[in-house]
Amino acid sequence: MTYNRTIIITGGAGFIGSHVVRLFVNKYPDYRIINLDKLTYAGNLANLKDIEDKPNYRFVKMDICDFEAVMALMQEEKVDGVIHLAAESHVDRSIKDPFTFAQTNVMGTLSMLQAAKIYWESLPERYEGKRFYHISTDEVYGALELSHPEGIKPPYTTKASSGLHHEAYGEDFFYETTKYNPHSPYSAAKASSDHFVRAYHDTYGMPTVVTNCSNNYGPYQFPEKLIPLFINNIRHRKPLPVYGKGENVRDWLYVEDHARAIDLIFHQGKVAETYNIGGFNEWKNIDIIKVVINTVDRLLGRKEGEDMDLITYVTDRAGHDMRYAIDSTKLQKELGWEPSLQFEEGIEKTVRWYLDNQEWMDNITSGEYEKYYEDMYKNR
Ligand code: NAD
Ligand code: TYD
């Protein structure tokens, strides 16, 4: 079969990447989708069981830093699009091991860019019909202040923020024009990779696009991140380590809504543009934790709230950013994207998924994970 497009999706065995791969493989049978992933601790092919036998899907175990191998794959498959998600993604790990973050996030992105450049420039049509789409984070913008700790009415509400709770915790937001000001080794490495992507457009004319998204939640997230970690701990009645006072604010988006935005922007986003992705859905950590506890308790047939005493305040994360809040008006106005899921529905769906997929969780949380978990939390 000849395909209309051949796209490499990097990091497709990870949390967000697996949702993007699934969406593209199912929605575009006329596209050949190549999942390029090194399968680090965060990569898991069990995330893609349902699509692994589809004829338009190929998995390749490869390190994005292996420039020669990436080049060869691009030539072999005649790749015309890259959706780049592979990265080291956990802030706490970046504090302990910044070198790996610089290597993967900066050098790995550079390797993907250079391979695409050399391959595409070798073709008669060069960059025509090509696209390099880099997935980034709102964390590159730094931190906003908690200037309204009690919450104020947000300037916009979306379906994601239309539930019982809808507050903004300041008047300021991250815009596409906000100056980069990363604080953690993770966000510093992501910021650097974003700059390289834009430099490849400005210097070589590569058709690039960059998006910066807020915190994602949903199925298949590695249980070192707040929501799946806490769901699993509540189930097993283990302590819930809340950093600092639990007052830090994050802006949460259901992962499938992020994947839909990526699809839209890959196809319709303007070359060289940046789009922020978020649903105006800010929550203080402690408030979201209470919602998660109530939901897990209810779904497990326990008395709602009976596990509140698992909340354990621990030493704060070093350099812990106070508030993230994304303004995604540009994406909504220019490309008509809207979150599809109301937040309470999204959390209910997410908790239900983790409780129903205990085997997925057990496979991850055996072996290596235990050691990571012990090391990470023994000094807190
Ligand atoms: P994840 O940690 O769940 O998955 C990362 C994937 O990349 C894994 O499958 C891993 O095996 C792969 N990978 C890591 N190093 C690699 C290498 N050297 N070569 C090839 N593959 C490698 O991450 P995620 O949460 O799905 O995030 C995906 C992307 O989205 C990242 O670029 C992240 O910065 C960005 N992002 C994440 C969030 C979020 O809330 N999780 C929000 C905004 C942006
Ligand atoms: P996380 O899921 O690590 O995402 P990020 O740091 O990229 O925003 O954490 C979300 C928030 O939850 C962040 O403010 C840190 C906090 N947190 C805890 O309080 N306890 C935990 O065990 C974890 C993992 C996170």
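All 7 of the 7 residues of strand β5 (residues 131–137) are buried, so β5 is largely enclosed by the rest of the structure. Buried means under 20% relative accessible area, with a 1.4 Å probe and protein chains only. Strands here are DSSP runs of E with at least two residues, and helices are runs of H or I with at least four, numbered from the N terminus.

This is a predicted model, in which local features need pLDDT of at least 70. Residues are numbered from 1 along each chain as its sequence is written.

In a regular strand the side chains alternate between the two faces of the sheet. On one side of β5, Arg131, Tyr133, Ile135 and Thr137 are buried, and on the other Phe132, His134 and Ser136 are buried too.

Two strands pair if DSSP finds at least two bridges between them.

| Strands | Sense | Bridges |
|---|---|---|
| β4 (residues 81–84) and β5 | parallel | 4 |
| β5 and β6 (residues 208–213) | parallel | 6 |
| β7 and β9 (residues 249–254) | parallel | 3 |

In β5, arginine 131 is the bridge partner of glycine 81, and threonine 137 stands opposite cysteine 213 in β6.

An open sheet of 3 strands runs in the order β7-β9-β11 with mixed pairing. β7 (215–217) and β11 (282–284) are at its edges with a single partner strand each, so one side of each has no neighbour in the sheet. Tyrosine 217 stands opposite tyrosine 254 in β9.

Methods
Chains lettered and ligands numbered in written order. Predicted model: local features only at pLDDT ≥ 70, side-chain atom pairs only at ≥ 80, totals over all residues. Heavy atoms only, no water. Buried < 20%, exposed > 50% of the residue type's maximum accessible area, 1.4 Å probe, protein only.
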